[in-house]
Amino acid sequence: MFYCPQCKKFYPEDAILWRCSCGSPFEYISNNRPYFPKKIISRRDNNIWRYLEAIPSIRKENIITLGEGMSPLIPVLFADNFNVLFKLDFIAPTLSFKDRGTSLLVSKLKENNIKEVIEDSSGNAGASLSAYCAYASIKCNIYVPAYTSIGKLLQIEMYGAKAIKVAGTREETSHATIEAANNSFYASHNWNPFFLEGIKTIAFEIWEQLNWKAPDNIIVPAGQGSLVLGCYQGFRELQAAGEIEKIPHIFAIQSANCAPLFEAFQKKFKKPAIIQKKETVAEGISSAFPVRGSKVLEAVRETNGKFLAVSENEIINSHREIAKKGIFIELTSAVAVAGLLKMIESNLINHSELTVTILTGSGLKSVKKNY
Ligand SMILES: *Cc1c(COP(=O)(O)O)cnc(C)c1O
Ligand SMILES: [Zn+2]
């Protein structure tokens with residue numbers, strides 16, 4: 001079922017609506033309590049559908065998977081023998097973690113017999129949706145900001161989707177898309193609740209890869225906050241099922257040039273702060289108005305985590321530093337590394353804790369020389 005937290009109303013989950021009539025995004029409410037048959041899970045295929053009992057049910061013939069999920073979790077040694085685990089979630093069919101959410105979203109489109117969609121994206125979500133729609137034979141139109149990296153644009157067009165460039169900011173791209181949405185289904189990763197249902201599998205996977213254990217801390221980049229919410233929800237479900245005792249502290253990192261959630265967190269606001277956004281090398285998290293912003297703030301607070309903001313210089317330096325350890329990610333993704341280094345420096349985390357940093361996008365995504 002879909003649930004509107006604003007009107008407290010329920011909608012059937014095959015409703016062809018992208019948001020409630022009041023303007024609020026829907027939440028997904030499952031009829032079943034998630035559970036985790038560990039022995040069976042570990043024998044299943046290496047994709048997000050191995051957690052079948054904890055994600056929305058889709059008829060088998062409608063499941064669209066390109067093998068997303070089960071990305072490596074590897075230790076990396078930093079200064080002072082500081083050992084951190086990195087979840088290489090850019091090792092995915094379209095080279096970003098978004099494939100987890102897209103697999104569920106597109107499976108549901110197939111189940112609802114939808115033949116054509118539109119979406120707005122700064123690149124990775126668009127590339128991901130284009131690929132999964134191609135696999136499912138669904139027509140796909142992606143509105144992208146004109147500044148989108150050539151690598152991401154090429155990827156969208158190679159999959160056979162139509163890319164429509166919109167001049168101006170990321171927000172102007174969204175407005176143009178919503179206007180066009182009158183004629184076909186708006187399959188937005190930021191609005192559609194099935195997307196989050198797929199993203200949350202990253203929490204299950206980290207738990208499985210740590211031998212059915214939760215880490216102490218999780219560090220993620222945050223724009224709209226889908227990874228924050230996905231991690232929060234995933235670990236919450238594991239806790240509710242009695243599989244873990246405690247939810248990890250979630251540390252959400254924003255680019256200082258566009259940090260409405262960080263500012264709200266500092267000022268103890270319940271809603272994202274209204275900001276003057278500046279350009280940032282972290283193009284994938286340049287979101288001034290996160291759709292589920294209040295929820296994202298609430299999730300981080302509830303885990304006793306924190307928001308941090310990192311400068312352009314910190315992002316660029318971290319991008320280099322992590323590449324020198326053999327891991328080539330995109331600048332947006334380096335925001336999490338910058339956050340991690342800042343946290344080590346300021347003693348926000350220590351040696352005895354288990355810390356997982358999630359790396360979200362491949363370095364080959366933005367092929368222009370950025371600095
Ligand atoms: C989408 C994206 C993010 C951030 O996800 P949000 O849901 O906007 O917080 C981070 N890194 C990369 C590479 C992305 O594509
Ligand atoms: Zn409503």
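Q: Which spacing do the donors of the zinc ion (ligand 2) follow along the chain?
A: They follow C-x2-C-x12-C-x1-C. One pair links distant parts of the chain: Cys7 sits in the loop between β1 (2-4) and β2 (9-11), and Cys22 in the loop between β2 and β3 (27-28), 15 residues apart. Keep in mind that this is a predicted model.

Q: Which atoms are the protein donors of that zinc ion (ligand 2)?
A: Here you have the SG atoms of Cys4, Cys7, Cys20 and Cys22, lying 2.2 to 2.3 Å from the zinc ion (ligand 2).

Q: And what are the angles among the four donor atoms?
A: General idea first: four tetrahedral donors would ideally give 109.5 degrees. In this site of the zinc ion (ligand 2) the angles run from 102 to 114°, and the site is tetrahedral.

Q: On to helices. What describes two packed helices?
A: You use the angle between their axes and the distance between the axes. Take α2 (residues 99-111) and α3 (residues 124-136): the angle is about 40° and the axes are 9 Å apart. The two are therefore oblique to each other, and α2 passes α3 in a right-handed crossing.

Q: How many nonpolar, polar and charged residues does the contact of α2 with α3 have?
A: Six nonpolar, three polar and two charged. Among them, Leu105 and Val106 in α2 and Leu129 and Tyr132 in α3 take part.

Q: At what angle do the axes of α7 (residues 201-209) and α8 (residues 226-240) cross?
A: Roughly 55°, with the axes coming within 7 Å. That makes α7 oblique to α8, and the crossing is right-handed. The contact includes Phe204 and Trp207 in α7, and Phe235 and Leu238 in α8. By class, its residues divide into nine nonpolar, one polar and one charged.

Notes. Residues numbered from 1 in each chain as written. Chains lettered and ligands numbered in written order. Predicted model: local features only at pLDDT ≥ 70, side-chain atom pairs only at ≥ 80, totals over all residues. Heavy atoms only, no water. Axes fitted to C-alpha atoms, helices over the stretch in contact; angles between N-to-C directions. Helix = DSSP H or I, 4+ residues; strand = E, 2+ residues; numbered from the N terminus. Parallel < 35°, antiparallel > 145°, perpendicular 65-115°, else oblique. Left-handed = near helix turned anticlockwise from the far one by under 90°. Contact = heavy atoms within 4.5 Å. Nonpolar A, V, L, I, M, F, W, Y, C, P; charged D, E, K, R; others polar. Donors = N, O, S within 2.8 Å, 3.2 Å for Na, K, Ca; no water. Tetrahedral: all angles 85-135°; square planar, octahedral: opposite > 155°, others 65-115°.
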